[in-house]
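Colleague: Could you walk me through this one, and then take a close look at a single part of it that you'd pick yourself? Keep it chatty, but spell out your cut-offs.

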Amino acid sequence: MIGESPQILELLKTIDKVAASDSTVLITGESGTGKELVAKEIHRRSKRNAGAFVPINCGAIPKELLESELFGYEKGAFTGANRTKPGRFELANGGTVFLDEIGDMSPDLQVKVLRVLQERAFERVGGIKEIQVDVRIVAATHRDLEEAVKEGHFREDLYYRLNVIPIRVPPLRERKSDIPLLIQHFIKVFSQRAGTPPMEIEELAMEAFMAYSWPGNVRELENVVERLIVLAEGNTISLEDLPERIKGALGKASKGQEGRETGSAKGPISIDQIAHLPLPENGVSLPEVIRKLEIGLINQALSRTNGVKSKAAQLLGLKRTTLVEKMRKFGML
Ligand SMILES: Nc1ncnc2c1ncn2[C@@H]1O[C@H](COP(=O)(O)OP(=O)(O)OP(=O)(O)O)[C@@H](O)[C@H]1O
Ligand SMILES: [Mg+2]
């Protein structure tokens, strides 16, 4: 894990302590902050590291499939079950199961996972024999599980069982001092992969990286660096090479308007005021102004909703698909 900010050093300390125990861990944090990396690190530093680290994304697999993925199935349990197959909990025996996006798990599966947490026992789909496993469970979610419990989408008992040791991975904007190190790291990784010498970064470009809010966190930064290296022509990354949204952050910061709100000392400007933006002497490029406005508001909506596109779309009065289309158009995806 790359990083030297106080937040990352604190996180590494926690990982070390947690790794020495066998307790269940719940990792929370926005998308792309490094939740999976933290889970792997806990396993790697634990005495289970000779066993397997078995990840499963509970949000990406349809409900019916998820059950047989987790618990396995007996021959004949359903059409197509031609042989007995062990599930991820069995495969992880002696190691660690990483239940990613656990907030997306359906209520009936939540009950079965609760039983694994309490008794380390389950049955395969279509089976009657109880199977015992020795696994450590690490779960992660980008959702607010406490809120999900209040709303009745997540079982309270499971929440408390999971939340024995909570670990919050801070968003990149809360630990901006890690940005240069992370950039150096990804430049090294991707130039090695491309077989090219490592690129230099011009000061202004670095300033823009520092000013930007990184709603997609480390994953977004990793993608930006990869693209810069693949598309690079010279040996330096300059401001012009950066995506529009990152360049734009620099402009905002230098005018002293960096922040979550489009606020100034006089308070946030209202939508009506936009119509009275003073037209500069030499005119403007209207498409460019509109583009800036769209990017700026999309970024704010995404950071306010922790990157949850459907909620961001709501804030913007758009359909989710329209928002995704725009993000693609602006290179935000
Ligand atoms: N501190 C870090 N040092 C080096 N690489 C990192 C760090 N944090 C994250 N990464 C990298 O960023 C990418 C995203 O990390 P990861 O998949 O762990 O995030 P996540 O929180 O699980 O994201 P998501 O919610 O999107 O699944 C990965 O490629 C990971 O290797
Ligand atoms: Mg993940």
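Modeller: Burial to start with: 42% of the chain's 333 residues count as buried, where buried is under 20% relative accessible area, exposed is over 50% and partly exposed is in between, using a 1.4 Å probe and protein chains only. Bear in mind that this is a predicted model, so local features need pLDDT of at least 70 and side-chain atom pairs count only at pLDDT 80 or more, while totals for chains, interfaces and linings use all residues. Residues are numbered from 1 along each chain as its sequence is written, chains are lettered from A and ligands numbered from 1 in the order in which they are written, and side-chain values use heavy atoms, leaving out hydrogens and water.

The C-alpha trace spans about 80 × 45 × 40 Å along its principal axes. You'll find 15 helices and 13 strands in it; these are DSSP runs numbered from the N terminus, H or I of at least four residues for helices and E of at least two for strands. Take contacts (heavy atoms within 4.5 Å) between residues at least 6 apart in sequence, and 72% of them join residues at least 24 apart. An automatic or database assignment sets the domain bounds, giving domain 1 (6-170), domain 2 (172-258) and domain 3 (284-333).

Now for my pick, helix 7. This helix covers residues 156-162, and Tyr159 sits in it. Tyr159 is buried, with a relative accessible area of 8%. What does Tyr159 touch, leaving aside its neighbours within four places in sequence? Its partners are Leu26, Leu145, Glu146, Val149 and Phe154.

Glu101 isn't a glycine, yet has a positive phi of about 50°. Its loop runs between strand 5 (96-100) and helix 5 (107-119), and at 14% relative accessibility Glu101 counts as buried. Arg120 is another non-glycine with a positive phi of about 50°, found in the loop from helix 5 to strand 6 (121-123).

Finally, the join between domain 1 and domain 2. Their centres, taken over C-alpha atoms, are 34 Å apart, and the contact takes nine residues from domain 1 and 10 residues from domain 2. Together they bury about 770 Å², with 33% of that on carbon and sulfur atoms; buried area here is the accessible area (1.4 Å probe) that two parts lose on being put together, summed over both. On the domain 1 side, Glu30, Gly32 and Pro170 supply 48% of the area buried against domain 2, more than any other three residues.
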